[in-house]
Amino acid sequence: MTVPYAEVIGDPIAQSKSPAIHGFWLEQLGIAAEYRACHVTAEGLAAYIATRRTDPAWRGCNVTMPHKQAVMSLLDALDPEAERIGAVNTVVRGTDGLLTGYNTDAPGFMEPVLPLLGEQEYRFAYVIGTGGAARAIIDALFHHEFLIWSISRNPAKARAEFFDYLGRDEDFLLDLAALPAGPLRPADAEVFSLVINATPLGMTGHPPLDLHWGGFLGNSVAYDIVTSPLDTQLLQDARAQGLVTIDGLAMLIGQAAVAFEKFFGQPAPRRADTELRSLLTK
């Protein structure tokens, strides 16, 4: 008897931590199923989807770079959030064989942020990057009533990606290279301020994110979605400034938990998060 299975697809894919995360949860819950990594190129994406949709044991897949936009046209339906964001990172095969696309990056990103929100009157977010991850993050923040600035090395691209969507003016588009140097601004207890790296900068094989901190508040929270290395230079610099930090595993585990329940019909056993994080950082 073929066991149910799900996968993560991308190009490259060997670095993915998703098999370890989902495999850990399947073992914790005693579910007889598998979660695999599958290398799928851009040229092979359509054939992969066509083949898998006919396999009743296939519960779906997580989708990583570079397929989050391309996969959308190959599906039968899109969840409204995924359609609004314009990217799919989770494909689920229904019992009728129809494929639905979801985006679990947005709720996964917000999971570690929500406990930090208190009675502050204002919520500010500075999102560095213009890719698909940034779009999901901005959508999540927008729907949690954050005032959002987009920071990038290419404000024109940011304008095209986010200007109409947010309905904001150019004052909310900032040039990464033009951020002020110098010390952090005085902390403001009325403001929850979040600084997010949604780029590959700082990832293994990429240059670090050289961020000037002078424009940010002294009680900001720094959030880097990079997972390799987990403790990026950005997070180290933020801690040296006395800031609270959130690493990329928080979002990775959070988005995986949403997908896991869609694939296997049971909530992920989050009581074991400490053990899971230890496993992933060995």
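These questions and answers walk through a predicted model.

Student: Which hand does the crossing of H1 and H8 have, left or right?
Tutor: H1 passes H8 in a crossing that is right-handed.

Student: Which residues of H1 make the contact with H8, and how many residues of the contact are charged?
Tutor: H1 brings Ile21, His22, Trp25, Leu26 and Leu29. From H8 come several partners, among them Leu252, Ala256, Phe260 and Phe264. By class, the contact has 12 nonpolar residues and 1 polar residue. The number of charged residues is none.

Student: How many residues of helix H5 are buried?
Tutor: H5 spans residues 132-142 and is mostly covered. Its buried residues include Ala133, Ile137 and Leu141, and also Arg135 and Asp139. Of the 11 residues in H5, the buried ones number 9.

Student: Are the rings of Tyr122 and Phe124 stacked, tilted or edge-to-face?
Tutor: The model has 13 aromatic pairs. In this one, the ring centres of Tyr122 and Phe124 are 6.3 Å apart, and the planes stand at 35 degrees. Stacked needs under 30 degrees, and edge-to-face needs over 60. So the pair of Tyr122 and Phe124 is tilted.

Student: Which strands does the aromatic pair of Phe124 and Trp149 link?
Tutor: This pair is edge-to-face, with 5.3 Å centre to centre and 80 degrees between the planes. Phe124 and Trp149 are 25 residues apart, so the pair links distant parts of the chain. Both also belong to one aromatic cluster, along with Tyr122, Tyr126, Phe172, Trp213 and Phe216. Phe124 sits in S7 and Trp149 in S8, so the strands are S7 and S8.

Student: Is Trp149 buried or exposed?
Tutor: Buried means under 20% relative accessible area. Tyr122, at 39%, is partly exposed. Trp149 has a value of 15%, so Trp149 is buried.

Student: What is the relative accessible area of Ser152?
Tutor: Ser152 is found in strand S8. Leaving out residues up to four places away in sequence, Ser152 touches Thr130, Ala158, Leu174, Asp175 and Leu176. Ser152 is buried, and its relative accessible area is 5%.

Key: Residues are numbered from 1 along each chain as its sequence is written. This is a predicted model: local features need pLDDT of at least 70, side-chain atom pairs count only at pLDDT 80 or more; totals for chains, interfaces and linings use all residues. Side-chain values use heavy atoms; hydrogens and water are left out. A crossing is left-handed if the near helix is turned anticlockwise from the far one by less than a right angle, and right-handed if clockwise. Helices (H or I, at least four residues) and strands (E, at least two) are DSSP runs, numbered from the N terminus. Contact means heavy atoms within 4.5 Å. Ala, Val, Leu, Ile, Met, Phe, Trp, Tyr, Cys and Pro count as nonpolar, Asp, Glu, Lys and Arg as charged, and the others, Gly among them, as polar. Buried means under 20% relative accessible area, exposed over 50%, partly exposed in between (1.4 Å probe, protein chains only). Rings of Phe, Tyr and Trp (its six-membered ring) pair if their centres lie within 6.5 Å; planes under 30 degrees apart count as stacked, over 60 as edge-to-face and the rest as tilted.
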